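User: Can you go through the salt bridges in this one with me? I'll ask as we go.
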Amino acid sequence: MSGVQFIVPKIEFDSSVATSGGSDGGNAGDIAAVPSFFYVNKVSDDLRFGFSVAGTMGGGIDYGDSFVGRYSTTYAELGAISFSPSLGYKLNDRLSVGAGVSIVYTRFDQDIAINQSAVNAADGKVKIEEATDWGYQPFLGMTYQLSDRALLGVVYRAEMDVELEGDLKFKNWQLPGSPSADDVDIDWDNPQTLVAGLKYRLDDKNTLLLNAGWQEWSTFSDNTLAFSGGSQNPVENIDRNFDDTWHAGIAFTHNAGDHGISVGFSYDSSPVDDKDRTFDLPFDETYKLSMAYAWLGSKRLDFSVGGTFYLMGDAKINQTSADGTQVIGEFDTNNML
């Protein structure tokens, strides 16, 4: 099975306090296309081999160089693609188990403006470019046939240590002392997750699906930035004050022979309080509404098309940059299709 997902965000900040001046940045969301591929091979009657390639994490914001929060972030992009081999084994007519590992390539880029008003100069800029890492994330799964109608599934994914290495560049530096560091290491841990789902067949045509999950975003909270390549190589430890999150969802599918439809709704809690939210990762609670239509094609091909509307909260921000400038506001438009 293969496909492509187009992401069309609309993310617009509205400031109420901006001590450094500037603009609200317009639509900071970037349109993106994310391909995916999934393959399953029948090794024997009880054993299956699977392999997938998918974008497991990603997002980008581009506020522009004149943004009111430019001394925190003007641009940030985080993306990850995973290559995941796995095995599934049927123990008996009710119970099957599976395991695998995701080999994950992560890349992070960020631009931050430098306040040079002390020397009456225009803003400078520091750029983190192509900070990348290869990591791995094991996962385990289980399905249990509760009855002829009900199937229970559970998936656990372990945390992953991310150690990015990238280039550090400075532009238009006018302050005393020239920065000489040219490399940066960024460390964090991707959260471990646990998800349980229930599939219940209402009748031959209709199926109800429920799921709930937990993600340990608190382990992502501690970020470390280590600079190198210069005469002074500081190490900065950042605590984002992230909390664990939970998820719940419900979906319904209708099969009408050669075609079918599905609808679903889900909720994800916010990992961060308003007072700790930052412009580079302006996470908030998320509501998702999904619809899809599928139909049988000719020969061996089947097709489906669908969409999900994300409503991502107002993501209120009250942030003071390292130079002492303050920005207060919220994202009055914060959604994605």
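User: Is K288 buried or partly exposed?
Analyst: K288 is partly exposed, with a relative accessible area of 22%. Keep in mind that this is a predicted model.

User: Which residue does K288 pair with?
Analyst: K288 forms a salt bridge with D268, at 3.5 Å from N to O. The two sit in distant parts of the chain, 20 residues apart. D268 belongs to strand β16 (residues 259-268) and K288 to strand β17 (residues 286-296).

User: And D268, buried or exposed?
Analyst: Buried, at a relative accessible area of 17%. The cut-off for buried is under 20%, so D268 at 17% counts as buried, whereas K288 at 22% is partly exposed.

User: OK, other topic. What does R277 do with D284?
Analyst: Their side chains meet in a salt bridge, 3.5 Å from N to O. R277 and D284 are both buried.

User: Which residues are in the network there?
Analyst: D274, R277 and D284 are linked by salt bridges into a network.

User: What about D204, which residue is its partner?
Analyst: R201 forms a salt bridge with D204, and their closest N and O atoms are 3.6 Å apart.

User: Where do those two stand on exposure?
Analyst: D204 is exposed, with a relative accessible area of 70%. R201 is partly exposed, at 31%.

User: Last one: how many salt bridges in the whole structure?
Analyst: The search of the whole structure finds 13. Among them are D204 with R201, D268 with K288, and R277 with D284.

Terms used. Residues are numbered from 1 along each chain as its sequence is written. This is a predicted model: local features need pLDDT of at least 70, side-chain atom pairs count only at pLDDT 80 or more; totals for chains, interfaces and linings use all residues. Side-chain values use heavy atoms; hydrogens and water are left out. A salt bridge is a side-chain nitrogen of Lys or Arg within 4 Å of a carboxyl oxygen of Asp or Glu. Buried means under 20% relative accessible area, exposed over 50%, partly exposed in between (1.4 Å probe, protein chains only). Helices (H or I, at least four residues) and strands (E, at least two) are DSSP runs, numbered from the N terminus.
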